[in-house]
Amino acid sequence: MRERRKFEGGKLVVASHNPGKLREISDLLAPFDVEPISAGSLGLPEPVEDGDSFIANAEIKALASARGANMLALSDDSGFALEALDGAPGIYSARWAGPGKDFSLAMRKVEDELEKKGAMTPKARAAQFICALTLAWPDGHVESFEGRVEGTAIWPPRGNKGFGYDPMFVPNGYDMTFAEMEPEAKHAMSHRADAFRQLIDACFKQK
């Protein structure tokens with residue numbers, strides 16, 4: 001197994017223009033020697049995400065920010081995947097929300113597709129959140145990790161503490177949606193937290 005390149009601390013561009021993701025990633029970075037800076041605050045454009053997987057898209061975003069800012073960059077590409085829909089919306093999760101990023105519309109689309117499939121039992125509505133995290137250096141080196149959390153898609157959506165598809169996802173072993181949980185509880189077991197633990201173990205130096 002190849003040796004992982006380490007992050008030495010200091011400034012790190014968070015390659016996202018999504019306020020919810022920025023909050024979650026900044027919270028996850030809080031215990032470490034990191035000064036997170038958003039790509040948006042640096043005026044970096046959002047690159048075209050034309051990869052065929054979560055990791056491919058995360059690497060596109062991280063490399064664009066790392067090269068644009070000449071700094072290390074951390075990106076996230078994540079999505080909601082339904083077994084009954086053959087993994088959709090998957091890497092297209094944000095696109096289902098339309099140009100206005102209306103996730104109430106996206107959740108309604110998911111529910112409509114599930115109903116068309118006759119997926120009305122909890123087993124038939126098996127779902128997962130998937131998150132790829134990539135740490136990229138300006139010279140093009142990348143370290144990528146993928147995390148998952150399994151659960152069930154519910155309807156109607158519940159809660160207002162999350163973002164994206166959180167209000168319609170109940171993780172296995174719980175009776176609350178991600179959007180009903182306090183952020184600390186979600187951070188402890190989410191797909192992003194899973195990927196982040198892998199990243200920290202491999203590339204970060206503990207305080």
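Biologist: Where is Ser-190 found in this model?

Modeller: Ser-190 is found in the loop between helix H4 (183–189) and helix H5 (191–203). Helices are DSSP runs of H or I with at least four residues, strands are runs of E with at least two, and both are numbered from the N terminus. This is a predicted model, in which local features need pLDDT of at least 70, side-chain atom pairs count only at pLDDT 80 or more, and totals for chains, interfaces and linings use all residues. Residues are numbered from 1 along each chain as its sequence is written, and side-chain values use heavy atoms, with hydrogens and water left out.

Biologist: Why does Ser-190 count as buried?

Modeller: Buried means under 20% relative accessible area, exposed over 50%, and partly exposed in between (1.4 Å probe, protein chains only). Ser-190 has 1% relative accessibility, and therefore counts as buried.

Biologist: What lies 3.0 Å from a polar atom of the side chain of Ser-190?

Modeller: The backbone nitrogen of Ala-193 does, and the backbone nitrogen of Arg-192 lies 3.3 Å from a polar atom of that side chain.

Biologist: Which residues does Ser-190 touch, not counting those up to four places away in sequence?

Modeller: With that exclusion, Ser-190 touches Val-149 and Phe-178; contact means heavy atoms within 4.5 Å.

Biologist: Which residues touch the most other members of the largest nonpolar core?

Modeller: A nonpolar core is a set of buried Ala, Val, Leu, Ile, Met, Phe, Trp, Tyr and Cys residues joined through side-chain atoms within 4.5 Å. Of the 23 residues in the largest one, those touching the most other members include Leu-12, Phe-196 and Phe-204. H5 gives the most to this core, with six residues.

Definitions and conventions
Polar contact = N/O pair within 3.5 Å; in protein donor to acceptor, adjacent residues only side chain to side chain.
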